[in-house]
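Hi there,

Here is the structure I promised to pass on. Have a look at it first, and then read my notes below.

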Amino acid sequence: MALIERVLPAQPVTDLSDHVERFQGSRALEAATKLEAAALLDELDAAGLRGRGGAGFPTGRKWRTVLDNRSDMIGTTVVVNGAEGEPGTFKDRAILRANPYQVIEGALVAAKVVGADTVVFALKATFDEELARLRRALAEATEAGWCDGIQVEVFEGPGEYLYGEETALLEAIAGRAPLPRIAPPYRRGVDEVVEDPDELASESGLAAGVDMASEGAGNVVPPTLVDNVETLANIPHLLVRGSEWFRSAGTAESPGTIVCTITGRVERSGVAEIALGTTLREAIDEIGGGAREGRQIRAVLPGVSNALLPAEALDTPLTYEAMAAAGSGLGSAGYIVLDDTDDLVAVAAGASRFLAVESCGQCTPCKQDGLEMAEVLGRVAASEADEHDIERLLAAAGRVTDGARCNLAAQQQAVVLSATRLARSEMAGHLDGSRPAADRFVVAELVALGEDGSTTIDLRHADKQPDWTYDEVDSGQAPADRLTEHRDAEV
């Protein structure tokens, strides 16, 4: 298996002229200025580019829908989602460090195609290196005339995991807490444009008081186009070299490349670009150097977005279809490798706690049943549980998705149930006392990847309370209630 360098060059791009020289930079932007939007959208459709942030929604279809629902009164906004917080994932930050110019160009092309007059780059405020790199690149792009006629902004958002969820991201940009909203499939606007948000909320049933995009809705507010950093990084290369070139890597149904992060029990952690269709085993071997000497891979945790994969699934191709067929998902292609020294109950306890803490609490089952699952799994790992606790665990897993408005509850269910299936012998050992107690496995945001293959994880997350504070004692309030009260008090 050979590594590829389309959006993640081994030699970082030094400045705008370097991007122009090495990657024919600006040509895609020129094409977007001269050609009809329909022609560029047809090329995206032919290439089969899908979103590289999780669900894999077809990019051409998304752009076309935003274009078709544009407003004659208010400009469309393009938002670049760089709020990367999936445990075990470092792809977007690696791309921004290596070549931010392709992301900027891709976003500006998107703006030209969908008729947007504003582009917002949304990152976490903690991403110091990426923010500095992006701002320098934007200054160069602005000076070169790339941004003429388009307002470009950089938004520094909160550290919460849900900030990366599309509707929560738009809420944060609008000045509110990062709380997901019911928005299938597109939310109109970054800011809602209504005279009485409470009235709209009452009529629509949406707590944020926002409107949804739908054909023939007649709303003056256009939908916002939100795309992931990696998705937009592909755009300039695809449009310059064409759909056939794009499809020269990958498979017929999952064409192109993906930037994959490998961490955990491997010889070295790393991030690299590979062709879709590469097997998980090949990615672990090539990027991570394989399992540690003398150890056997037991399972792979694909962040906290999808079910764990057993060792028997290591030869699954990394495609949207194959990973779904294996009972998991491609997600953001961040894989935490677990070996025969790991206790999978402890891993499940760590993943469950992360998701339960990061749940916003708008949906009571997601928060309360999530916390119950995390508590039970922690007790099982500590060899302090009994069969009644297992009944509680399974009951909570069955309820956790009730009324869920975003995917986080489904993630809790998938991770916990897959772990309990894989860890049956370990669970039995903890219940009968034949297995020693185990501490929760640390599951948290990846802060840094060292050149020596080391990792830095956000260990402070262990002190984060379910109310999203770092206070010594949890207030018992759901983050949504606490943050709403705080906002109302400020008003």
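In these notes, contact means that heavy atoms lie within 4.5 Å. Helices (DSSP runs of H or I, at least four residues) and strands (runs of E, at least two) are numbered from the N terminus. The model is predicted, so to speak of a local feature requires pLDDT of at least 70, side-chain atom pairs count only at pLDDT 80 or more, and totals for chains, interfaces and linings use all residues. Residues are numbered from 1 along each chain as its sequence is written, and side-chain values use heavy atoms, leaving out hydrogens and water.

Let's begin with two helices. Ala37, Leu41, Asp42, Leu44 and Asp45 of α3 touch Thr59, Gly60, Arg61, Trp63, Arg64 and Leu67 of α4. Those contact residues comprise 5 nonpolar, 2 polar and 4 charged (nonpolar: Ala, Val, Leu, Ile, Met, Phe, Trp, Tyr, Cys and Pro; charged: Asp, Glu, Lys and Arg; polar: the others, Gly among them). The axes of α3 (residues 37-47) and α4 (residues 59-68) are 8 Å apart, at an angle of about 155°. Axes are lines fitted to C-alpha atoms, for helices over the stretch in contact, with angles from 0 to 180 degrees between N-to-C directions. The pair is therefore roughly antiparallel (over 145 degrees; under 35 is roughly parallel, 65 to 115 roughly perpendicular, the rest oblique).

Now for a hairpin. β10 (residues 446-449) pairs with β11 (residues 455-457) in the antiparallel sense over 3 bridges; pairing takes at least two DSSP bridges. Leucine 446 sits opposite isoleucine 457 of β11. Between the strands are 5 residues, and glycine 453 in this hairpin has a positive phi near 85°.

Enjoy exploring!
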